[in-house]
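I am keeping these entries as a log of what I looked up.

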Amino acid sequence: MSSLDATRAELALLVLYLNKAEARDKICRAIQYGSKFLSNGQAGTAQNVDKSTSLARKVFRLFKFVNDLHALISPPAQGTPLPLILVGKSKNALLSTFLFLDQIVWAGRTGIYKNKERAELIGRISLFCWMGSSACSTLVELAELVRLYNSMKKLEKELKGEDKHENPQYLVKIKQSNERLLSLIKSSMDIVVAVGLLQLAPKKVTPRVTGSFGFITSLISCYQLLPALAKSKAT
């Protein structure tokens, strides 16, 4: 393959990536929290970028609550333990509620919804819902990692003297484990971001801490949305 063909292929992947509304939202999220880190809550250009990007992102999320509402009413995967199903459904319910309420916050900030005090209250409620969904995600990912670990140990016993790293099933489980671990890190860090946005611990979780954690989780989200081929190149 010539260098021109390689460049064309890479540009095609970039176009495919940027055509996703979710990818553009996460790029904007990285800009938003990067600006929050730089501003550290102080007035100036960085804080203006933070606020304007936050408002712009809300447009990407209009009617997005339908996705988690659909996941909420969809049947769970076979073999999933009941406690894990309940936590997963709680996550879907909380995230769907957050995204729904976030539309009212957007309407309030754009002047469509006139009651500013109620809009601010709804904004706080929505952030608590997001924090709850992040906590549920953390529990789900942790439980799934334990299940994966147990299934890998069982597979190792079945393989006995064989090289486990040559077994396709084992390699798939390793890949799934790495993906779950990355999601666990992201959801755990998002809890800290929510605490910062709600100002529940303002002395410890400062705007700079909130910005740094939010920026890192945004980069993780951007990576997770990459096409499989681009991921293999990145790693």
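Where is arginine 57 found? I located arginine 57 in helix H3, residues 45-60; helices are DSSP runs of H or I with at least four residues, strands are E runs of at least two, and both are numbered from the N terminus.

I noted the basis next. This is a predicted model, in which local features need pLDDT of at least 70 and side-chain atom pairs count only at pLDDT 80 or more, while totals for chains, interfaces and linings use all residues. Residues are numbered from 1 along each chain as its sequence is written, and side-chain values use heavy atoms, with hydrogens and water left out.

Entry: arginine 57. Leaving out residues up to four places away in sequence, arginine 57 touches Asp25, Cys28, Arg29 and Gln32 (contact is heavy atoms within 4.5 Å). I also checked arginine 57 against glutamine 199: they are 142 residues apart in sequence and 21 Å apart in space, C-alpha to C-alpha.

Entry: nonpolar core. The largest one has 14 residues, and Leu95, Phe98, Leu99, Trp130 and Met131 have the most contacts inside it (a nonpolar core is a set of buried Ala, Val, Leu, Ile, Met, Phe, Trp, Tyr and Cys residues joined through side-chain atoms within 4.5 Å). Helices H5 (82-110), H6 (116-159) and H7 (168-198) are the elements that give two or more residues to this core. For tryptophan 130, I listed the residues touched beyond four places in sequence: Arg29, Leu95, Phe98, Asp190, Val193, Ala194 and Leu197.

Entry: H5 and H6. Their axes come within 7 Å and cross at roughly 155° (axes are lines fitted to C-alpha atoms, for helices over the stretch in contact, with angles from 0 to 180 degrees between N-to-C directions). H5 and H6 are therefore roughly antiparallel (over 145 degrees; under 35 is roughly parallel, 65 to 115 roughly perpendicular, the rest oblique). Their contact has 18 nonpolar, nine polar and four charged residues (Ala, Val, Leu, Ile, Met, Phe, Trp, Tyr, Cys and Pro count as nonpolar, Asp, Glu, Lys and Arg as charged, the others, Gly among them, as polar).

Entry: H2 and H8. H2 (residues 21-39) packs with H8 (residues 207-224) at about 160°, the axes 7 Å apart. That makes H2 roughly antiparallel to H8. The residues of this contact divide into eight nonpolar, eight polar and four charged.

Terms used:
Buried means under 20% relative accessible area, exposed over 50%, partly exposed in between (1.4 Å probe, protein chains only).
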